[in-house]
Amino acid sequence: MREDTAQEQGLDLEPPVRMEEEMEVMEERVVEIEHPLPCLSESDTQGIIKGRDLFGYVGIEAVLDQMRRKTMKAGFEFNIMVVGQSGLGKSTLVNTLFKSKVSRKSCTPNYEEKISKTVHLQSVSHIIEEKGVKMKLTVIDTPGFGDQINNENCWEPIVKYVNEQYEKYLKEELNVNRKRRIPDTRVHCCVYFLPATGHWLRPIDVEFMRRLGKIVSIVPVIAKADTLTLEERLEFKQRIRQDLQANGIRVYPQKEYDEDAEDRILNDKIRENIPFAVVGTDKEHQVNGNKVLGRKTKWGIIEVENVAHCEFALLRDLLIRSHLQDLKDVTHNIHYETYRVKRLNESNANGLALSPLTLENGTLEKSDAESHL
């Protein structure tokens, strides 16, 4: 009766199902018109929202400026150790690296160089400021290393010193009321000086780098490389690389620490040039109207920063301009972390408190020498 009445009045009654279908069609049209919002789905929590997906400028990049300002205010530390026998130009090279008299020999009044009967470490610190950035540089020298007739175990005081700095940092970390910024005295890099003999590595060189390479980042250099011809230098570098590989010696930068393909390409170029054949000097000379750091010889001037003359520039770029922060990161995340885990495992085995550090012959325990190193 109702249907007849509706038809008489010209009304069109549609079943409810058809109305629902029309609503779905309208919703689909709305979705097509609106721009989808960038969002992370539950299944994809690692989604990447790039600049083109943002509605406008957020300001995330300003974090870099904030980090830069804080670093410039607070400054940072860099601790470098130089190891090698006397007369290889360790002090001169350090002065050349930082273009100032920062070595212990240069800044100590009335300094007299004497051959030490034993290896003892001495450090000197400076605040270097360049374009508003402050760096506390500490140079650790090792007088007496390799200078004796019997150099057996001469690396032990150096191993002991490196471990002591890790222990000092660990104790500061474990304090209940620890400092807001823990002073960092850990050795970030050890530059090991090889004499330009032109032969293979000496037993003392092999043993030192084999032991120290596991607890600190080592960068080997050929000292006073101007005493070798280009052919002799190339052959010597190849022999040293063969020795390093044959003895399982790890020098910086290690392949296993490369974070990505870009790092690998950069570090491969560095590894091809290790050890760096370097010449150091703090004297300037005129070359073609320009002042350059160089060594004046009877045959001309050896320009220290000229890659065609020596590889000092490559060493400087590695230590300061490209890998300084990475050296600090490797020290903290790899070498110090390995030491920290070992010490905490020892303390857990002995009790809750951190057991005193026992250093015999430069190691934690005499029986654990090989496992630690």
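Two strands are taken to pair if DSSP finds at least two bridges between them. In this predicted model, three strands form an open sheet in the order S7-S8-S9, with antiparallel pairing. Strand S7 (284–287) and strand S9 (300–303) are the edge strands, each pairing on one side only. From one strand to the next, the twist averages 70°. Strand S8 (residues 290–297) and S9 are joined in the antiparallel sense over four bridges, and Lys296 has Ile301 in S9 as its bridge partner. The loop between S7 and S8 contains Asn288. This residue is not a glycine, yet Asn288 has a positive phi of about 55°. With a relative accessible area of 77%, Asn288 is exposed.

The protein chain as a whole contains twelve helices and nine strands. Of its 373 residues, 39% count as buried. Among contacts between residues at least 6 apart in sequence, 66% join residues at least 24 apart.

A further set of pairings involves strand S3 (residues 133–141). Strand S1 (residues 76–83) pairs with S3 in the parallel sense over seven bridges, and Asn79 stands opposite Thr138 in S3. Strand S2 (residues 122–130), by contrast, pairs with S3 in the antiparallel sense over nine bridges. Here Glu129 stands opposite Lys134 in S3. The hairpin of S2 and S3 has two residues between the strands, and Lys131 in this hairpin takes a positive phi near 55°. In general, strands of a sheet pair through backbone hydrogen bonds, in either the parallel or the antiparallel sense.

Helix H4 (residues 90–98) packs against helix H10 (residues 312–322) at an angle of about 70°, and their axes are 10 Å apart. Angles of 65 to 115 degrees count as roughly perpendicular, and H4 and H10 are therefore roughly perpendicular to each other. Their crossing is right-handed. On the H4 side the contact is made by Leu93, Thr96, Leu97 and Phe98, and on the H10 side by Phe312, Leu315, Arg316, Leu319 and Ile320. By class, the contact of H4 with H10 comprises seven nonpolar residues, one polar and one charged. Lys99 is located in the loop between H4 and helix H5 (104–107). Although Lys99 is not a glycine, its phi is positive, at about 50°. The relative accessible area of Lys99 is 54%, so this residue is exposed.

Phe193 belongs to strand S4 (residues 189–194). Since residues under 20% relative accessible area are classed as buried, Phe193, at 2%, counts as buried. When neighbours within four places in sequence are left aside, Phe193 is in contact with Val82, Val83, Gly84, Leu88, Gly89, Lys90, Leu93, Val221 and Ala223. One of these contacts, Val221, is 28 residues from Phe193 in sequence, with a C-alpha to C-alpha distance of 5.2 Å. Leu93 is among the contacts of Phe193 and also takes part in the contact of H4 with H10.

The bond from Tyr252 to Pro253 is cis, with omega near 0°; Pro253 is in the loop between helix H8 (230–246) and helix H9 (261–273). The bond joining Ile274 and Pro275 is also cis, with omega about 0°, and Pro275 lies in the loop between H9 and strand S6 (276–277). In general, most peptide bonds are trans, and most residues other than glycine have a negative phi.

Note on methods:
Residues are numbered from 1 along each chain as its sequence is written. This is a predicted model: local features need pLDDT of at least 70, side-chain atom pairs count only at pLDDT 80 or more; totals for chains, interfaces and linings use all residues. Side-chain values use heavy atoms; hydrogens and water are left out. Axes are lines fitted to C-alpha atoms, for helices over the stretch in contact, and angles run from 0 to 180 degrees between N-to-C directions. Angles under 35 degrees count as roughly parallel, over 145 as roughly antiparallel, 65 to 115 as roughly perpendicular and the rest as oblique. A crossing is left-handed if the near helix is turned anticlockwise from the far one by less than a right angle, and right-handed if clockwise. Contact means heavy atoms within 4.5 Å. Ala, Val, Leu, Ile, Met, Phe, Trp, Tyr, Cys and Pro count as nonpolar, Asp, Glu, Lys and Arg as charged, and the others, Gly among them, as polar. Buried means under 20% relative accessible area, exposed over 50%, partly exposed in between (1.4 Å probe, protein chains only).
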